[in-house]
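Welcome, and thanks for taking a look with me. Below are some numbered points to read alongside the sequence and the model.

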Amino acid sequence: MYIIESGNVAAALGVRLCRANVIAAYPITPQTPVTERLSEYIEEGSMKAEYVPVESEHSALAVCIAASSTGARTFTATSANGLLYMHEQIHWAAGARLPLVMCVVNRAVGAPWNIWNDHQDSISQRDTGWIQMYCCDHQQILDSVIKAYWLAEKVSAPIMVCYDGFILSHTYMPFEVPQQEKVDAFLPPFRPDYALNPEEPASLNTVTLPDVRIDVHGELAHGYMEIRYLLQEELRTSLAVAAEAEKRFAEIFGRGGDPYIEPYRCDDADHIAVGLGSLTYQLRVSVDALRKEGIKVGVMGIRFYRPFPDAAIANALKGKKGVIVFEKALSYGYEGALASDLKSALYEHLAGTGHLPLVQNFIAGIGGREIRTDDLTQTLRAATQSRIAKEPTWIGLKL
Amino acid sequence: MNKEFIEIRWHGRGGQGAITAAKIVAGAAFISGYLGVVMAPTFGTERRGAPVMTSLKISREKICDLSPIQTPDIIVVLDYLLLKEVDVTCGLKPGGIIVLNTPKAFESYSFKGYSLATANITAISVEAGLPHGMVNTGIIGSLEKATSLLGIDVLIKGIEEEFRTQKPEKNSLAAKIAFERTRVRG
């Protein structure tokens with residue numbers, strides 16, 4: 001059934017369809033309507049879950065960690081400074097290998113205080129060991145939540161489903177709400193190999209020594225380094241599992257495509273714009289305009305930022321003249337994190353071919369600054385004519 | 001007006017229900033075969049009584065551009081007093097349509113170069129049995145009269161669906177009366 005609703009409601013519907021058992025969250029704009037809606041579902045009885053109101057985001061994630069350790073399917077959502085307040089627990093959840101799903105409704109980070117959209121919040125959590133998915137519209141929000149639970153539980157890693165604050169969270173558009181039976185067919189109940197049980201108390205993730213050791217059962221137990229190595233290895237192999245998720249999802253729901261990237265008019269393009277989230281859909285309008293002028297340009301959205309689908313990205317950009325990276329965040333003191341990651345992927349996979357595309361980096365929409373499609377078109381047109389890579393260029397700056 | 005892609009900007013006050021009105025029109029447009037409908041409120045400044053804006057884009061194809069409307073085809077003004085506070089015609093396409101809730105005489109407005117449609121929605125809504133100040137369903141009748149965009153029936157259905165638990169008949173009656181009494185020029 002198609003409905004017209006906000007992006008936050010799309011997320012809440014996804015969580016309800018996935019039959020999450022425990023929800024703990026603290027309100028922050030623009031995330032608030034997601035968890036408000038979930039609390040209404042529980043109150044009216046259309047969702048059987050425990051809603052735990054907490055006094056902070058740090059506690060919200062702590063509750064999810066505890067609940068997930070007992071085998072509950074959990075959900076939380078946050079934005080900006082709320083996400084940063086969780087930061088310690090974010091690392092913990094990944095190290096503890098818990099399949100949490102969290103929506104990050106992307107918002108700028110203070111100071112100065114700002115409630116509007118950019119990607120600095122989730123990008124700054126890049127190195128925590130969470131999987132990060134980015135959504136371009138409401139259908140992708142709902143579908144990504146469903147895929148995220150399946151993938152997280154398959155690979156024992158937490159996932160952030162990221163979508164643009166206000167631009168998607170508070171905007172209304174049509175999307176299809178799948179039938180419960182289909183979601184149940186796709187996503188079996190969560191049955192972890194190990195779960196805390198009050199009958200058999202245990203301590204989890206206590207001090208773990210730098211080196212391996214023989215445990216009380218006489219077995220060789222991992223040291224901290226082995227545990228962390230396995231997190232890295234299994235995140236890398238989760239890319240293949242994500243492809244499996246996409247394939248299964250397409251079979252059941254009839255929707256889907258490439259699991260890692262979403263190319264638009266890229267096949268014969270000389271230059272490709274690259275980005276995360278709804279901005280890449282807006283860039284399609286610019287690509288269409290420039291195509292009419294005879295400029296061979298395309299745009300590619302990246303759906304997974306971590307694990308980084310470096311091979312898929314490099315393969316899609318092979319033989320192109322230029323790559324133009326648009327970002328709503330940056331690694332202060334250098335350039336956009338995505339631009340750096342992308343150059344690294346190109347170098348790794350294409351340096352041997354003797355041709356590396358020119359990479360340019362543009363920063364846009366910081367703190368919710370309006371991104372005009374005309375400005376994007378102009379920027380993209382000029383970038384296709386440029387032969388030199390410069391420092392990251394800020395679009396729409398008024399200095 | 002190009003009926004393949006239509007941009008409507010709604011001006012109201014926080015709490016007046018401009019978002020709900022735009023949502024009803026969005027739903028009716030989708031049912032009528034417009035695959036792309038995107039309704040985007042202004043973000044972060046919504047307070048009760050303060051001037052607020054909502055964008056509604058309606059397209060035959062999926063809408064990828066979620067940025068705010070720059071050049072609307074139609075503007076809908078839920079409170080005539082906003083004309084003194086907000087430049088409501090900003091960016092309005094030449095020949096664009098203004099739909100205005102006002103108690104003032106139709107002839108007292110000029111809006112050169114644009115089409116104008118007015119009705120006293122505030123009074124009509126009370127006549128239909130709604131509480132004073134509820135104007136967001138009546139204005140939909142005026143919008144349809146001024147534009148012939150979707151047909152009144154699908155909009156009435158949308159209103160009754162949206163307000164199914166809150167006086168659906170009175171809300172749709174307001175739209176029907178407004179549709180009959182709206183005066184249009186240009």
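How many bridges join strand S1 of chain A to S8(A), and do they run parallel or antiparallel? Please keep in mind throughout that this is a predicted model.

1. **The S1–S8 pair in chain A.** Strand S1 (residues 2–6) of chain A is joined to S8(A) by five bridges, and the two run antiparallel. If you want a place to start looking, find Ser6(A), which stands opposite Tyr172(A) in S8(A).

2. **How covered S8(A) is.** Strand S8 of chain A spans residues 172–176, and four of these five residues are buried, so the strand is largely enclosed by the rest of the structure. Buried here means under 20% relative accessible area.

3. Follow chain A to the peptide bond from Gly110(A) to Ala111(A): it is cis, with omega near 5°. Ala111(A) sits in the loop that lies between strand S5 (101–106) and helix H6 (120–123).

4. Pro307(A) belongs to the loop between strand S14 (304–306) and helix H11 (310–317).

5. **Positive phi at Arg19(A).** This residue is not a glycine, yet its phi is positive, near 55°. You will find Arg19(A) in the loop between helix H1 (7–17) and strand S2 (22–25) of chain A.

6. **Positive phi at Ser156(A).** Here phi is near 50°, again a positive value in a residue other than glycine. Ser156(A) lies in the loop between helix H7 (138–155) and strand S7 (159–164) of chain A. With a relative accessible area of 29%, Ser156(A) is partly exposed.

7. **Strand S1 of chain B.** Now turn to chain B, where strand S1 (residues 5–13) is mostly covered, with eight of its nine residues buried.

8. For the S3(B) pairing, look for Trp10(B), which stands opposite Thr54(B). For the S4(B) pairing, look for His11(B), which stands opposite Val77(B).

Note on methods: Residues are numbered from 1 along each chain as its sequence is written. Chains are lettered from A and ligands numbered from 1 in the order in which they are written. This is a predicted model: local features need pLDDT of at least 70, side-chain atom pairs count only at pLDDT 80 or more; totals for chains, interfaces and linings use all residues. Side-chain values use heavy atoms; hydrogens and water are left out. Buried means under 20% relative accessible area, exposed over 50%, partly exposed in between (1.4 Å probe, protein chains only). Helices (H or I, at least four residues) and strands (E, at least two) are DSSP runs, numbered from the N terminus. Two strands pair if DSSP finds at least two bridges between them.
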